[in-house]
Amino acid sequence: MEFSQLRSQFPALSQTLGDYPLVYLDTAATSQKPQGVIDAMTRYYAQDNANVHRAAHQLSARATSQYEAVRSQVQHFIHAARREEIIFTHGTTEGINLVAQGLASQLKPQDLILIDSAAHHANIVPWQMLAKQTGAEIVPIPLTHDARLDQTAYRELLKRQPRIVALSHVSNVLGTVNPVAEMVSQAKAVGALTLIDGAQAIAHLEVDVQSIDCDFYLFSGHKMYGPTGVGILYGRFDQLDKLEPLLTGGEMIKQVSFEGTTFNILPNRLEAGTPPIAEVIGLGAAIDFLQSLPRAEIRAHEQVLLKRLQAELNALGGITLYGAHEDNVGAVAFNLTGEHHQDVGILLDQQGIAVRCGHHCAMPLMQTLCLSGCCRASLGVYSSDEDINRFIEALQSVKDLLL
Ligand code: PMP
């Protein structure tokens with residue numbers, strides 16, 4: 001496929017902002033959506049709109065079969081062993097809360113939870129809530145001076161036999177990649193449950209949950225060219241089956257009386273209420289889109305762009321990069337020396353460049369790096385050399401203005 005043909009599938013990318021064509025470098029916050037995803041959701045609402053799993057009528061049967069087909073699609077996409085191991089949520093945040101709360105009855109005071117000190121708040125706060133409820137203790141795995149998870153310190157912490165190890169696959173701020181398969185195997189050797197937040201990995205890396213061998217893996221549709229409002233919780237069947245449901249109500253029950261309730265079997269047991277049906281269908285179209293691409297080629301293209309981005313930022317001078325490594329994925333974090341990240345973001349926006357500025361929902365990481373915040377430029381399958389040229393030119397002019 002020609003690159004221009006790929007890019008033209010994203011209608012939002014062809015707009016101009018004032019006099020400037022949009023340069024979208026905020027894919028890590030949310031990706032743009034290809035026309036196929038937009039069409040799949042419109043088609044569902046226009047033709048098949050009905051609730052799933054309930055009615056005898058044909059619209060409901062059509063909606064249900066599309067919804068359930070996406071479950072199998074996700075299963076194959078991440079190489080899960082069983083379709084019942086795929087739970088539809090509203091996003092990564094909900095999924096991690098579901099797991100953390102679902103484990104509450106399995107934890108006791110002083111149990112240890114190891115977390116990633118570069119994690120997004122979504123993989124910190126739910127564990128804090130769980131620790132508060134159960135008396136468990138949270139210990140962050142420290143970072144090395146070059147902002148990777150410190151593997152020596154991790155191995156030392158494992159000697160304390162944690163009950164849970166919660167990691168990010170890829171940091172949403174720095175783009176650093178954790179060696180999750182190796183870390184999971186070490187955690188399993190001491191009997192810990194493992195959870196991987198894959199929100200920033202899923203659009204860039206081929207994810208195989210069986211080869212990572214984790215107990216739980218989570219991601220959001222909107223960061224992989226799908227819609228907002230849908231996410232996936234993958235869980236190993238026996239572990240999912242032991243989770244207490246976070247939400248209760250319709251769909252997730254087998255039998256209800258005023259005397260008590262019995263729950264449904266997986267996956268329904270963890271999907272209470274009307275699910276995000278159109279969004280699940282949109283997620284299916286996003287997977288179709290990703291699978292229509294030569295993924296190895298696209299990954300190589302993204303890596304070349306990322307290295308160029310890192311190199312050109314370095315060459316610009318007056319820029320500090322954070323945790324920039326050759327094997328990073330998708331994002332680069334930086335500041336213009338002595339300038340506030342928000343000012344830089346606003347001045348870039350005035351030239352049509354969309355980057356993210358702030359603490360990126362990773363305040364503990366910002367504290368470790370002694371920063372109030374930073375700018376982040378992030379890439380997607382549609383990012384081009386021209387995007388990088390325009391970004392670097394714009395940043396040069398911001399630098400000329402401010403420094
Ligand atoms: N984890 C990571 C690493 C993320 O980047 C994000 C989104 N920024 C989340 C979790 C939360 O995802 P969502 O807001 O879709 O629930």
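A nonpolar core is a set of buried Ala, Val, Leu, Ile, Met, Phe, Trp, Tyr and Cys residues joined through side-chain atoms within 4.5 Å. In this predicted model, the largest such core holds 80 residues. Helix α10 supplies the largest share of that core, ten residues. A search of the whole structure also finds nine aromatic pairs.

- Within the largest nonpolar core, the residues that touch the most other members are Val74, Ile78, Leu114, Tyr217, Met224 and Val381.
- Valine 74, one of these residues, touches Ile86, Phe219, Ile232, Leu283 and Ile287 when residues up to four places away in sequence are not counted.
- Helix α10 is mostly covered, with 13 of its 15 residues buried.
- From first C-alpha to last, α10 reaches 21 Å, which is close to the 21 Å expected at 1.5 Å a residue.

**Aromatic pairs**

- Tyrosine 67 and phenylalanine 88 form a tilted pair, with 4.9 Å between the ring centres and 50 degrees between the planes.
- This pair links distant parts of the chain, as tyrosine 67 belongs to helix α3 (residues 58–77) and phenylalanine 88 to strand β4 (residues 86–89), 21 residues apart.
- Both partners are buried: tyrosine 67 has a relative accessible area of 0%, and phenylalanine 88 has 4% relative accessibility.
- Tyrosine 225 and phenylalanine 289 form an edge-to-face pair, at 5.7 Å centre to centre and 65 degrees between the planes.
- Because tyrosine 225 lies in the loop between β9 (216–220) and β10 (231–235) while phenylalanine 289 lies in helix α10 (residues 277–291), the pair ties together parts that are 64 residues apart in sequence.
- Tyrosine 225 is buried at a relative accessible area of 0%, and phenylalanine 289 counts as buried at 5%.
- Ring pairs join Tyr225 and Phe289 with Phe10 and Tyr382 in a cluster.

- Glutamine 32 is found in the loop between β3 (23–24) and α2 (35–48).
- With a relative accessible area of 16%, glutamine 32 is buried, because the cut-off is under 20%.

**Arginine residues**

- Arginine 82 lies over the face of phenylalanine 237, at 3.8 Å from the ring centre.
- Arginine 390 is placed in helix α14 (residues 385–402) and counts as buried at 14% relative accessibility.
- Apart from neighbours within four places in sequence, the contacts of arginine 390 are Tyr20, Pro21, Val23, Gln351 and Ile353.
- Arginine 390 and arginine 54 are 336 residues apart in sequence and 52 Å apart in space, C-alpha to C-alpha.

**Helix α4**

- In helix α4 (residues 92–102), the buried residues include Thr92, Gly95, Ile96, Leu98, Val99, Ala100 and Gly102.
- The buried residues of α4 pack against β4, α5 (125–134), β8 (193–197), β9 and β10.

**Annotated domain**

- An unreviewed UniProt entry lists residues 23–391 as "domain: Aminotransferase class V".
- Over residues 23–391, the chain is 38% helix and 18% strand, and the end C-alpha atoms are 7 Å apart.

Key
Residues are numbered from 1 along each chain as its sequence is written. This is a predicted model: local features need pLDDT of at least 70, side-chain atom pairs count only at pLDDT 80 or more; totals for chains, interfaces and linings use all residues. Side-chain values use heavy atoms; hydrogens and water are left out. Rings of Phe, Tyr and Trp (its six-membered ring) pair if their centres lie within 6.5 Å; planes under 30 degrees apart count as stacked, over 60 as edge-to-face and the rest as tilted. Helices (H or I, at least four residues) and strands (E, at least two) are DSSP runs, numbered from the N terminus. Buried means under 20% relative accessible area, exposed over 50%, partly exposed in between (1.4 Å probe, protein chains only). A charge sits over a ring if NZ of Lys or CZ of Arg is within 6 Å of the ring centre and within 35 degrees of the ring normal. UniProt positions are given in the numbering used here, feature names are shortened, and annotations may be inferred rather than shown by experiment. The expected span of a helix is 1.5 Å times one less than its number of residues. Contact means heavy atoms within 4.5 Å.
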